[in-house]
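Thanks, everyone. I'll keep this short.

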Amino acid sequence: MAIVPIFTAMIRACIFDLDGVLVDTAHYHFLAWRRLANQLGFDFDEKANEALKGVGRMESLDIILGWGGLSKTRPEKEALAHQKNEWYRAYIREMTPGEVLPGVAGFLDQLDAQGIRKGIGSSSKNAKTILRQVGLTDRFEVIVDGTDLQRSKPDPQVFQLGAERLGLSPRECIVFEDAAAGIEAALAGGFWAVGVGDAEIFPGAHIAIPGLENLHWSALLEKLPL
Ligand code: B16
Ligand code: MG
């Protein structure tokens with residue numbers, strides 16, 4: 001009888017989105033963008049803010065200006081984005097290690113124990129400041145952030161660069177993302193995609209989890225269709 005080899009993918013690394021997965025900076029982005037919208041004469045709520053998650057700064061501004069029915073020149077847009085970033089940076093300058101989301105430290109410990117490598121794949125140009133503020137910088141071998149990118153999520157560039165720097169193929173990496181645009185990016189790049197948050201937000205994700213709290217590495221692997 002012929003022996004049929006069974007190939008299962010070998011996971012070697014996890015690549016984490018930052019805002020909304022490891023820390024809740026998504027709320028600070030919302031507060032700063034909303035303040036800008038209010039200054040421009042309109043408002044939006046946290047539900048609408050969902051469309052901005054994972055999306056780069058200038059792309060987010062274009063979406064917001066669209067909601068207000070406003071059109072601005074390039075220099076005006078740069079000034080508005082700069083203002084929003086100043087407000088946002090005032091929030092993140094005050095961040096402390098206590099703002100790391102529940103379960104993150106324990107899950108990273110599990111990965112270390114299993115020899116699974118760890119990277120960051122964030123659209124944010126402020127990612128390194130945030131990681132430093134909350135004391136997570138040294139926990140990641142590779143950090144890809146908004147300063148490395150030409151194309152924002154849902155383009156897969158952020159995760160492709162992460163895998164490249166780890167020297168791994170996408171199929172050897174699991175991406176953890178809280179944004180629909182980020183899951184789209186992971187899937188477009190051929191990564192395993194874990195949606196963190198409400199399952200309805202990511203219909204295409206391989207699996208969805210509410211957060212990293214109580215997450216067990218072996219149970220996660222069992223749920224992935226490897
Ligand atoms: P910044 P992530 C993303 O970070 C945020 O989700 C998104 O709301 C933000 O507009 C983007 O970073 C750019 O951030 O203005 O700090 O460069 O979720 O990819 O870690
Ligand atoms: Mg995010």
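Start with what sits over helix 4. Its buried residues are covered by elements including helix 1 (26-39), helix 3 and helix 6 (127-133). Keep in mind that this is a predicted model.

Which residues of helix 4 are buried? They are Lys77, Leu80, Ala81, Lys84, Asn85, Trp87, Tyr88 and Ile92. Why one face? Residues three or four places apart point the same way, because an α-helix has 3.6 residues a turn.

A quick check on length. Helix 4 has 19 residues, which at 1.5 Å a residue should span 27 Å. The C-alpha atoms at its ends are 26 Å apart, and that agrees.

Now helix 3. Here Ser60, Leu61, Ile64 and Leu65 are buried. Their arc around the axis is only 135°, which puts them on the same side of helix 3. Helix 1 and helix 4 are among the elements covering them.

So how do the two helices meet? The axes of helix 3 (residues 57-67) and helix 4 (residues 74-92) come within 10 Å and cross at roughly 105°. An angle of 65 to 115 degrees counts as roughly perpendicular, so that is what helix 3 is to helix 4.

Helix 3 brings Arg57, Met58, Leu61, Asp62 and Leu65 to the contact. Helix 4 brings Arg74, Lys77, Glu78, Leu80, Ala81 and Asn85. By class, that contact has 5 nonpolar, 1 polar and 5 charged residues.

Last point. Just after helix 3, Gly69 has a positive phi of about 65°.

Methods:
Residues numbered from 1 in each chain as written. Chains lettered and ligands numbered in written order. Predicted model: local features only at pLDDT ≥ 70, side-chain atom pairs only at ≥ 80, totals over all residues. Heavy atoms only, no water. Axes fitted to C-alpha atoms, helices over the stretch in contact; angles between N-to-C directions. Helix = DSSP H or I, 4+ residues; strand = E, 2+ residues; numbered from the N terminus. Parallel < 35°, antiparallel > 145°, perpendicular 65-115°, else oblique. Contact = heavy atoms within 4.5 Å. Nonpolar A, V, L, I, M, F, W, Y, C, P; charged D, E, K, R; others polar. Expected span 1.5 Å × (residues − 1). Buried < 20%, exposed > 50% of the residue type's maximum accessible area, 1.4 Å probe, protein only. Arc of directions from axis to C-beta.
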